[in-house]
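I opened this entry to note what I looked up in the structure.

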Amino acid sequence: MKIIILHAGKTGTTEKCAGLLAAELCKNENVECEVYPVLRAPASLSGYDAIVLGSAVRMGMFHKDMSSFIKNNAAMLLRSPAAYYCCCGFPDRAEEFFEAGLGHALRSHALAAACFGGEMDLSKQKGFEKLIVRMVGTQFKDKPAPAIDEAAIAQFAEKLYEKVSL
């Protein structure tokens, strides 16, 4: 089984999650994964048994590169086994991010969709975005700061494998 994982983000969290997902999927010796930034996606995705798209969420929206890819490839994604993940600090709002980023048709067609959590690393921010991250960070004073949810990644991998191997 051959799976491609395409990711888009700004600070590396979405890429890190793509690697963790690939490692989780490849625990099964029947699975081969390829991981690419969405801007370096192969010209054709027809040779894959599943396509996974992962995007960072900022200000409630998917990363602009992922949004463009989805818009330009929506018809192909509707004909393909596809799954989606997002990385953000507000996993309880993930479903609204998927609806906004994918639209109803792609969201309904998805084999799986999950939030893998997020990270708020000020050292990876610049200028105005650093200020925004600081302001958002104040919402987590009484809660733990956002972190990558490895259990969510494992569950997503299991669900994806089950649906693709049917």
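**Nonpolar cores**

I looked up the largest nonpolar core, which has 26 residues; L45, L53, F62, I70, L77, Y84 and C86 are the members that touch the most others in it. I then listed the elements that give two or more residues to this core: strands β1 (2-8), β3 (50-58) and β5 (82-87), and helices α2 (64-79) and α3 (94-109). This is a predicted model.

There is also a second, separate core, and I counted 25 residues in it, including A18, A114, A157 and L160.

Leaving out residues up to four places away in sequence, I found L77 touching I51, L53, I70, A82, Y84, L106 and H109.

**Aromatic rings**

How many aromatic pairs does a search of the whole structure find? I got 3. I noted for each pair the distance of the ring centres and the angle of the planes, since a pair of aromatic rings is described by these two values.

Y85 and F116 are stacked, with 4.4 Å from centre to centre and 15° between the planes. Y85 is in strand β5, whereas F116 is in the loop between β6 (113-115) and α4 (127-137), so this pair ties together parts 31 residues apart in sequence. I checked burial next: Y85 has a relative accessible area of 1% and is therefore buried. F116 is at 0% relative accessibility, so F116 counts as buried too.

F116 also pairs with F156. I wrote this pair down as edge-to-face because the ring centres are 5.2 Å apart and the planes are at 85°. F156 is in helix α5 and F116 in the loop between β6 and α4, so far as the chain goes 40 residues apart, and the pair links these distant parts. F156 counts as buried because its relative accessibility is 3%.

**Two single residues**

I looked up T13 in helix α1 (residues 13-25). Is T13 buried or exposed? T13 counts as buried because its relative accessibility is 7%. Setting aside neighbours within four places in sequence, I found T13 in contact with C87, G118, E119 and I148.

K163 is at 39% relative accessibility and so counts as partly exposed. I also noted that the C-alpha atoms of K163 and L111 are separated by 6.8 Å, although these residues are 52 residues apart along the chain.

Technical notes
Residues are numbered from 1 along each chain as its sequence is written. This is a predicted model: local features need pLDDT of at least 70, side-chain atom pairs count only at pLDDT 80 or more; totals for chains, interfaces and linings use all residues. Side-chain values use heavy atoms; hydrogens and water are left out. A nonpolar core is a set of buried Ala, Val, Leu, Ile, Met, Phe, Trp, Tyr and Cys residues joined through side-chain atoms within 4.5 Å. Buried means under 20% relative accessible area, exposed over 50%, partly exposed in between (1.4 Å probe, protein chains only). Helices (H or I, at least four residues) and strands (E, at least two) are DSSP runs, numbered from the N terminus. Contact means heavy atoms within 4.5 Å. Rings of Phe, Tyr and Trp (its six-membered ring) pair if their centres lie within 6.5 Å; planes under 30 degrees apart count as stacked, over 60 as edge-to-face and the rest as tilted.
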